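Hi,

Here is the structure I promised to pass on to you.

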Amino acid sequence: MKFFVDTADVDEIRELNSLGLLDGVTTNPSLIMKSGRDIMEVTREICAIVDGPVSAEVTATDFDGMMGEAEILSKIADNICIKVPLTFDGLKACKALTSAGHKTNVTLCFSANQALLAAKAGATFISPFIGRLDDTAMDGMDVIAEIRRIYDNYGFATEILAASIRTVNHVKEAALIGADVATVPPATLRALVKHPLTDKGLEAFLADWQKTGQSIG
């Protein structure tokens, strides 16, 4: 499974990338607002840090507006992935952008039917929102599983990018189902390394080592 980090915090991205954990980055208007920085400036900086795709989202809702914004965003760097909403205009833009050789990420997906349309439109990535589905008393993982089965049935190349991930269990379950990518907030990505038995075992090893009176080097 590929790990993308879901943030526009450049310091977080730089640190996680230095650990070799990142395959890409996703941003959205809310994350740009949280960063407090200009979208072009911060996106350009992110693209210079990571080698993988960096999703930059259009804010227009009509086809012509999306295409105009996509043209501007695509010039930021070669690893820009244009993010469009799962609407008919978004799908039309996805098809046009993919045909022109751009990577695309179709976002705000909440059903397998929507994901099927995105794949038909040639999306590079489809972003089903797990956490937001859970908020409506649905099981977001059921949608991931349905999309995986449909894509496998027909050999679609679109990658399933599990989004709106809230917990480490979301990451595990998405991996078990076969999502291609998980885009994860920095805190959740850091939490993946944690286990109480790891901490307990390390504490015991260090206590025993201290009793030997030895040092390495």
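Predicted model: local features only at pLDDT ≥ 70, side-chain atom pairs only at ≥ 80, totals over all residues.

Let's start with helix α4, which runs over residues 63–74. With 12 residues at 1.5 Å each, α4 should span 16 Å, and this agrees with its end C-alpha atoms, which are 16 Å apart. The buried residues in α4 are F63, M66, A70, L73 and S74. These cover an arc of only 90 degrees around the axis, so they sit on the same side of α4. Turn to the other side of α4 and you will find D64 and I72, which are exposed. And what covers the buried residues? The cover includes two helices, α3 (39–49) and α5 (88–99), together with the strands β3 (54–57) and β4 (80–85).

Now for the backbone angles. Most residues other than glycine have a negative phi. L108 is not a glycine, yet its phi is positive, at about 60 degrees. You will find L108 in strand β5, residues 103–109. L108 is partly exposed, with a relative accessible area of 33%.

S164 also has a positive phi, near 55 degrees, without being a glycine. S164 belongs to the loop between β7 (159–162) and α9 (168–177). Is S164 buried or exposed? S164 is buried: its relative accessible area is 14%, and the cut-off for buried is under 20%.

Happy browsing, and write back whenever you like.

Best wishes

Note on methods: Residues numbered from 1 in each chain as written. Heavy atoms only, no water. Helix = DSSP H or I, 4+ residues; strand = E, 2+ residues; numbered from the N terminus. Expected span 1.5 Å × (residues − 1). Buried < 20%, exposed > 50% of the residue type's maximum accessible area, 1.4 Å probe, protein only. Arc of directions from axis to C-beta. Contact = heavy atoms within 4.5 Å.
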